[in-house]
Protein chains: 4
Amino acid sequence: MMQHSELRESVCQINKEIGRTGLAMLTWGNASGVDRDAGVVAIKPSGIDYESLQPSNIVLLSLDSGEKIDGEGRPSSDTPTHLHLYRHFESVGGIIHTHSHYGTVWAQACRKIPCFGTTHADSFYGAIPITRMLTEEEVDHDYELNTGVVIVECFADQDLNPGEIPGVVCAGHAPFAWGATPAKALENALVLEEVARMALHSLQVNPGLQAIPGYLLDKHYLRKHGENAYYGQPE
Amino acid sequence: MMQHSELRESVCQINKEIGRTGLAMLTWGNASGVDRDAGVVAIKPSGIDYESLQPSNIVLLSLDSGEKIDGEGRPSSDTPTHLHLYRHFESVGGIIHTHSHYGTVWAQACRKIPCFGTTHADSFYGAIPITRMLTEEEVDHDYELNTGVVIVECFADQDLNPGEIPGVVCAGHAPFAWGATPAKALENALVLEEVARMALHSLQVNPGLQAIPGYLLDKHYLRKHGENAYYGQPE
Amino acid sequence: MMQHSELRESVCQINKEIGRTGLAMLTWGNASGVDRDAGVVAIKPSGIDYESLQPSNIVLLSLDSGEKIDGEGRPSSDTPTHLHLYRHFESVGGIIHTHSHYGTVWAQACRKIPCFGTTHADSFYGAIPITRMLTEEEVDHDYELNTGVVIVECFADQDLNPGEIPGVVCAGHAPFAWGATPAKALENALVLEEVARMALHSLQVNPGLQAIPGYLLDKHYLRKHGENAYYGQPE
Amino acid sequence: MMQHSELRESVCQINKEIGRTGLAMLTWGNASGVDRDAGVVAIKPSGIDYESLQPSNIVLLSLDSGEKIDGEGRPSSDTPTHLHLYRHFESVGGIIHTHSHYGTVWAQACRKIPCFGTTHADSFYGAIPITRMLTEEEVDHDYELNTGVVIVECFADQDLNPGEIPGVVCAGHAPFAWGATPAKALENALVLEEVARMALHSLQVNPGLQAIPGYLLDKHYLRKHGENAYYGQPE
């Protein structure tokens, strides 16, 4: 019997959703999940297409050491980024990285995605931040780890809560999104892509557009996520 | 036997069309219908996905009091907006609210959608108006009701007829559309989305573009909707 | 046995392609064909959706008088435009009118579509012209006929050959395209839509862009359409 | 038994992918492959639609002389371009030419596609170059051959390596892409289309955007293509 079969199944399924929802073409994306009690991270193998992916292909790694516990192939080349985020963002249970079109456009443009409406505010409690560009030293040594380092630095410097802003765009690169579970990370990745697309087009209609008032941001984020949330069905 | 089964079926089907036509991703939209003789409003439950929705899930409410008549789940969180519109726009039999992409873009940009062509004029007798932004007070207390209040205010202030302009974009938020039936509301929501997309691209080709002449607007709206309408087959 | 069954079948099929290819949503488009020997025009009935359309629904009209020869429903409300074009553009055997997105955008923007590349030049021997806006008088009396009148006027004034430029965008309205057969009209409508989309995006990359040199236009148009055409297989 | 049946199968399949992936509408694209040991080029016949294409329709030509070895139809009208590229770019095993939307947009705009991010850098080691416009003389005589001549000239003048930059946009026309095999050429054509689309939208978010730093370009290109590549699974 497979180790951690439930985690593998969930991570496999969310990786397949990356292809099915069009978030990534070719193999431009990967998803992972963590079992914090067991100290195990499950992640997509590198360069495998989504359709042929099976739970048995998912690679298991130690959250602490990063060493491989099980799996035949190489883990995603972005694994050190995922591990760094799990170690520093403790509420995160699943992470998705894709080169989804509009998220990547804002990343390439080196611009944060402002909160222009309630669609954004329903899932992200403020602008989606942009990291700084990595230095030559950071790219040449431990590039993928340093991608995680600048994300954590970005949230620390701006005093942002990764539980409230579940995503980021990395300068010159592409977005990362996360959530309490791999499924929630996928949802946030889909929302990030759509609000990135809405933000570009909103600026085209009104180039001087400003973010929505703070009280409207509060209302929409908190009616879905606060203590007194009233959206959806009681659980 | 279910109460108001015909109304439930129709409202259920139109909610499913929101997902099928791509007007909304995830659960970003809801449709309702009213039986004015019975004083009953039927609306989507909150946070349920479109594919699994069944007529039995549709929530029934009193048009007068807003109290639940039948249904297990919570009604859509936007229910107070729907109720307010039914109470003030008497010709309306169905309402759709979605975060459809281009309608939301104009809402976020805080701009009315000008009538740039006959595609628009065939369904909307003039520009699709933009509401004002809600105040902090209006957002903090009875937010969803006040969304309806500013829509009704917008039509009253500009002396617009909701029977002739079956939709609106709400500042910082998204569009609402309506019609004599839920099916007609869906059609108007689809038209609003497409003319919003056409209007953005038309301005990109010609940034100084003005609305079409009033006589062309009259011709197209009235050949489909006036007393002497001659589009389609006689009924 | 149905009269003119071959013409009906062909016109029915091309109307269905309008929906299937996405050229038009709802019922925003119609196609017709002519049998010049018989003096008969076949056209879509008004307001019928594409999926349910059958050859028996196609309406037959006299090319000379415009009177109905056969068919139960009203012909498309745009019938007088089609008839006028058949009477003045003698090489035309099929006509398509749709509110396809990018063609309509250029029509609304009141701009001709310049020839920015060989994709355009392969099918249209120069810019796709824009008509003038109809006057109030022309809109109020015989509007659909006058839509045909300004198209014919546009080609006459600019000395354009409808056999070489098989389409036009009508100011404030939408495109018409045509060809030797209904199938060829459909192909030209699809090309018009795609080159309209390419032209907008090309101007966004290079706002000062000019049309391609005349010798490149000649080469591409004539290698497919001239006496010495060498594209495709010999017939 | 068919000659070169494996090459035919592969070239047939990749041509079908042009239609299936949406890289080209109608018959706006063609793919070829070469067997350098046998000195044989296999290419799509001219004007045949992708769905009905069979391996037996693929035309075989001599790499040296360009003369037809086998096949009933005319080869693609772009054959002289393909042959010229195979003769001058020795690492190339497959070539694709399409009028894919965003690649064609940059070609029409007469602009190279800058490297704005890692998506681009993963497959193209720098900007995707733009050829110069052909002269009237070059268009009037041996046009398709001269299209190949200006591509080769463009790479020579800028000292670019076609093994590292597997594609180009041709001024006023459309893109060509290539690779070690027809399948790899298809992948590069898909990447070219997506990075062309990303580049346009990135400039819309940030009109002053510059290419990514050289050290980031090096890192991404070389982690997939250099001697020490570590992306994907070991072969």
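This tour moves from the arrangement of the chains to one interface and then to a single residue. The model is a predicted one.

**Stop 1: chains A and D**

Select chain A and chain D together. Two copies of a chain are related by a rotation about an axis and a shift along it. Here, chain D is superposed on chain A by a rotation of 90° with 0.0 Å of shift along the axis, and the RMSD is 0.0 Å. That is the relation of a four-fold axis. The copies use different surfaces, in that 3% of the contact residues of chain D recur in chain A. To find the axis in the viewer, select D:Q204, the residue of chain D that comes closest to it, with its C-alpha at 6.0 Å.

**Stop 2: the interface of chains D and C**

Next, display chain D with chain C. Contact involves 32 residues of chain D and 30 residues of chain C. The size of an interface is often given as the accessible area lost when the parts come together. Between chain D and chain C the buried area is about 2900 Å², with carbon and sulfur atoms giving 57% of it. On the chain D side, select D:R74, D:H101 and D:Q108, which lose the most area to chain C and together account for 22% of what that side buries.

Which residue of chain C forms a salt bridge with D:D78? Select C:R223: its salt bridge with D:D78 has the closest N and O atoms 3.8 Å apart. The count of salt bridges between chain D and chain C is two. Polar contacts across this interface number 12 residue pairs, both residues being at pLDDT 80 or more.

Now colour chain D by secondary structure. The elements that give two or more residues to the side touching chain C are α3 (101–108), α5 (136–140), α6 (143–157) and α7 (182–205) of chain D. Of the elements on this side, α3(D) gives the most, with six residues. By residue class, the side of chain D that touches chain C holds 14 nonpolar, 13 polar and five charged residues.

**Stop 3: B:N206**

Finally, move to chain B and select B:N206, in the loop between α7 (182–205) and α8 (214–225) of that chain. Is B:N206 buried or exposed? B:N206 counts as buried because its relative accessibility is 10%, and the cut-off for buried is under 20%.

Then show C:A109 and C:R111, with which B:N206 is in contact once its neighbours within four places in sequence are left aside. The side chains of B:N206 and C:R111 make a polar contact at 3.4 Å.

Methods
Residues are numbered from 1 along each chain as its sequence is written. Chains are lettered from A and ligands numbered from 1 in the order in which they are written. This is a predicted model: local features need pLDDT of at least 70, side-chain atom pairs count only at pLDDT 80 or more; totals for chains, interfaces and linings use all residues. Side-chain values use heavy atoms; hydrogens and water are left out. Copies are superposed by least squares on the C-alpha atoms of residues with pLDDT of at least 70 in both. Contact means heavy atoms within 4.5 Å. Helices (H or I, at least four residues) and strands (E, at least two) are DSSP runs, numbered from the N terminus. Buried means under 20% relative accessible area, exposed over 50%, partly exposed in between (1.4 Å probe, protein chains only). A polar contact is a pair of N or O atoms within 3.5 Å; within protein, one must be able to donate a hydrogen and the other to accept it, and residues adjacent in sequence count only if both atoms are side-chain atoms. Buried area is the accessible area (1.4 Å probe) that two parts lose on being put together, summed over both. A salt bridge is a side-chain nitrogen of Lys or Arg within 4 Å of a carboxyl oxygen of Asp or Glu. Ala, Val, Leu, Ile, Met, Phe, Trp, Tyr, Cys and Pro count as nonpolar, Asp, Glu, Lys and Arg as charged, and the others, Gly among them, as polar.
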